[in-house]
2 protein chains.
Amino acid sequence: MSFSVFDHQMMAKAIKLAEKGRFTTHPNPNVGCVITQGETIVGHGYHIRAGGPHAEVHALRMAGEKAIGATAYVTLEPCSHYGRTPPCAEGLIKAGVSRVICAMQDPNPQVSGNGIAMLQEAGIEVQVGLLESEAERINRPFLKKMRTGLPWVQLKMAASLDGKTALSNGQSQWITSSQARADVQLYRAQSGAILSSSKTVIDDNASLNVRFAELPDEIQSLYPEGEVRQPLRVILDRQQNMTPELTQELRLFHTEGNVLVISEQKNSQQKHIDLPELLAKLAREHNINHIWVEAGATLAASFIEQQLVDELVVYLAPKIMGTDGRGLINLLGLTSMDQTIDLNIEQLTQVGPDIKLVATFKTSK
Amino acid sequence: MSFSVFDHQMMAKAIKLAEKGRFTTHPNPNVGCVITQGETIVGHGYHIRAGGPHAEVHALRMAGEKAIGATAYVTLEPCSHYGRTPPCAEGLIKAGVSRVICAMQDPNPQVSGNGIAMLQEAGIEVQVGLLESEAERINRPFLKKMRTGLPWVQLKMAASLDGKTALSNGQSQWITSSQARADVQLYRAQSGAILSSSKTVIDDNASLNVRFAELPDEIQSLYPEGEVRQPLRVILDRQQNMTPELTQELRLFHTEGNVLVISEQKNSQQKHIDLPELLAKLAREHNINHIWVEAGATLAASFIEQQLVDELVVYLAPKIMGTDGRGLINLLGLTSMDQTIDLNIEQLTQVGPDIKLVATFKTSK
């Protein structure tokens, strides 16, 4: 199996198209499609929002009769099942496409090779694996949930350069810059759920929503008429601090979007929230594949210690807050340097005056 | 006064040449010189080491008779006084140069406009101010000492991502990577003095010297036959922990280079080291213009609180060490977010796996 430079260019374009859906397709994957005749693009499209047409449908509509004998580049295996839309494999067959290149197979058990088989049975030449790792990357949440039943978890942390999240008296507004807070809006907007603790919500009267006005223009343009998709807000309330009075007062409950307060779970000890079980439940019952965690030092430590975090997003403000400030992660009792929790830095940038780093956990020393 | 694109290029080249001396010229400034006839370079050179010929001498030797009617680009005003070498202004006059462009005037009171005046009196056209801020930048230590009598101070800090310098039991080797430690060698090698505390030296048996083998090849090549200039090591020993037995044992005293142990100062309260007075004394009596501080959290806090630091160099290892680890800066008691010490990040890079940032202090909020 070999791919030409042109093939690479077309699949790269399809991936770029797919990414345009990243704020709106949850819980569906991001998919892009490009259709070519010879070296001319005759159709392109992407999955814009859950419930709407798939990428292939947009591209085939644009191509019309020019799809006959064409090549289709798709970032994910075309679907083979009747869902909210008819199967895309069928659409490609009917349109008369003669060759389909997929970046990767769809791990969704309803598809998982069936789409490819349908195309091949119809006499279409199918190739799989072009820019596969790039295609994996844009759908990490969808793919993780499909493969493991668990959502993909990003943990946000913000601190001063000396690792403090608040002064000793609790003051913390604002450690990071408005630019860093706008960056956080982008992460919230891409997630399926925003998870936090009742303490954070009560202390900061945080609404934990996506604010259209704070999104960059190019992101606003991805929403039809400002109809922002609001992620589910999941609030852990282990100690049941969320009284009825508070639900009257807090911004959280008076902003658009759903709120799920978790105070205890069946089959668990009292006052204990089983985080892995909660994550599995959010995936299973609420169809959440991407969770953005904004939590304090204690919950952050629980997520990290239980190895539930796929990616850390850390903002460090260029400030010194002092030794008696509050720490970043409530993790205690390391006695040897080989017990430290080690990270790989994937991205290091400046966001306004602040340092931003995106990191993953090293799996072994 | 106007400069051509060619003038800019030649001065940029002279500045690049000057920088090659940054490991060897202390306490002298770094100076580069380029001599041109029309658009041809006929001579170039830089001040290689204190005691050796100045940049202009090297460039004029290379140019020979081609210096007659030539233009000389010099990063600092040519000297006018008889020091270890005859004045460069005289050398340029004798060589028959017809135009001299200086990036900046020399604040050294022995020169300070006299070099320019000497050249002008000899009928040479002199222009000053081409790439002045770049020329300032390569000689920040020399210029600060000349202007204020105080050395330029860089403070090095190293911590984990959560701002810890050691575990609660004191373990700290190694937080940062070998690449970060090699980077520290480069800073040590550029300094006039390395300042630390007896606690750091005793705890780590640190030699605080420049190790030729750990310098990159291109830096090794700047030293004649591995003759590394060893900065003065200044050890603050407020509590007089540096016993005669320890001076027998510690590596510090058995490696090349001078050591100055400061236990108390005249005219000061007992057990108190007056840091501003110490810095002034190091400049005045030891001709130190550039100090590299490698200290623990307490001494770092003293330097920062007394506003004695010109530049911070911080290495953050991608590790989490826990809330009970030791803090980066022993600074206590901030009660309001407008009391935080705020920095400007000048550089943000990765050094091996670690984050490195170079920062200055904001002078006002």
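## A guided look at sheet, helices and symmetry

Visitor: Is the crossing of helix 3 of chain B and helix 4 of chain B left-handed or right-handed?
Guide: In this predicted model, the axes of helix 3 of chain B and helix 4 (residues 114–121) of chain B come within 9 Å and cross at roughly 20°. Angles under 35 degrees count as roughly parallel, and the two helices are therefore roughly parallel to each other. As for its hand, the crossing of helix 3 of chain B and helix 4 of chain B is right-handed.

Visitor: Which residues of helix 4 of chain B make the contact with helix 3 of chain B?
Guide: The residues of this contact divide into 5 nonpolar, 1 polar and 1 charged. On the side of helix 3 of chain B they are B:Ala89, B:Glu90, B:Leu92 and B:Ile93, while helix 4 of chain B contributes B:Gly115, B:Met118 and B:Leu119.

Visitor: At what angle do helix 2 of chain B and helix 3 of chain B pack?
Guide: Helix 2 (residues 55–63) and helix 3 (residues 88–95) of chain B touch through B:Glu56, B:Val57 and B:Leu60 on the one and B:Cys88, B:Gly91, B:Leu92 and B:Ala95 on the other. Helix 2 of chain B passes helix 3 of chain B in a left-handed crossing, and their axes lie 9 Å apart. Helix 2 of chain B is roughly parallel to helix 3 of chain B, because angles under 35 degrees are counted in that way, and the angle here is about 15°.

Visitor: What is the order of the strands in the open sheet of chain A?
Guide: The sheet has 5 strands with mixed pairing, and its twist averages 15° from one strand to the next. Strand 2 (40–46) and strand 5 (125–128) of chain A are the edge strands, each pairing on one side only. Read across the sheet, the order is 2-1-3-4-5.

Visitor: Which residue in strand 4 of chain A is the bridge partner of A:Tyr73?
Guide: Strand 3 (residues 71–74) and strand 4 (residues 99–102) of chain A pair in the parallel sense over 4 bridges. The partner of A:Tyr73 in strand 4 of chain A is A:Ile101.

Visitor: In chain B, which residue has the C-alpha nearest the axis?
Guide: A rotation of 180° with 0.1 Å of shift along its axis superposes chain B on chain A, with an RMSD of 0.0 Å, which is the relation of a two-fold axis. In chain B, the C-alpha nearest that axis is 2.2 Å from it and belongs to B:Gly163.

Conventions. Residues are numbered from 1 along each chain as its sequence is written. Chains are lettered from A and ligands numbered from 1 in the order in which they are written. This is a predicted model: local features need pLDDT of at least 70, side-chain atom pairs count only at pLDDT 80 or more; totals for chains, interfaces and linings use all residues. Side-chain values use heavy atoms; hydrogens and water are left out. Two strands pair if DSSP finds at least two bridges between them. Axes are lines fitted to C-alpha atoms, for helices over the stretch in contact, and angles run from 0 to 180 degrees between N-to-C directions. Copies are superposed by least squares on the C-alpha atoms of residues with pLDDT of at least 70 in both. Angles under 35 degrees count as roughly parallel, over 145 as roughly antiparallel, 65 to 115 as roughly perpendicular and the rest as oblique. A crossing is left-handed if the near helix is turned anticlockwise from the far one by less than a right angle, and right-handed if clockwise. Contact means heavy atoms within 4.5 Å. Ala, Val, Leu, Ile, Met, Phe, Trp, Tyr, Cys and Pro count as nonpolar, Asp, Glu, Lys and Arg as charged, and the others, Gly among them, as polar.
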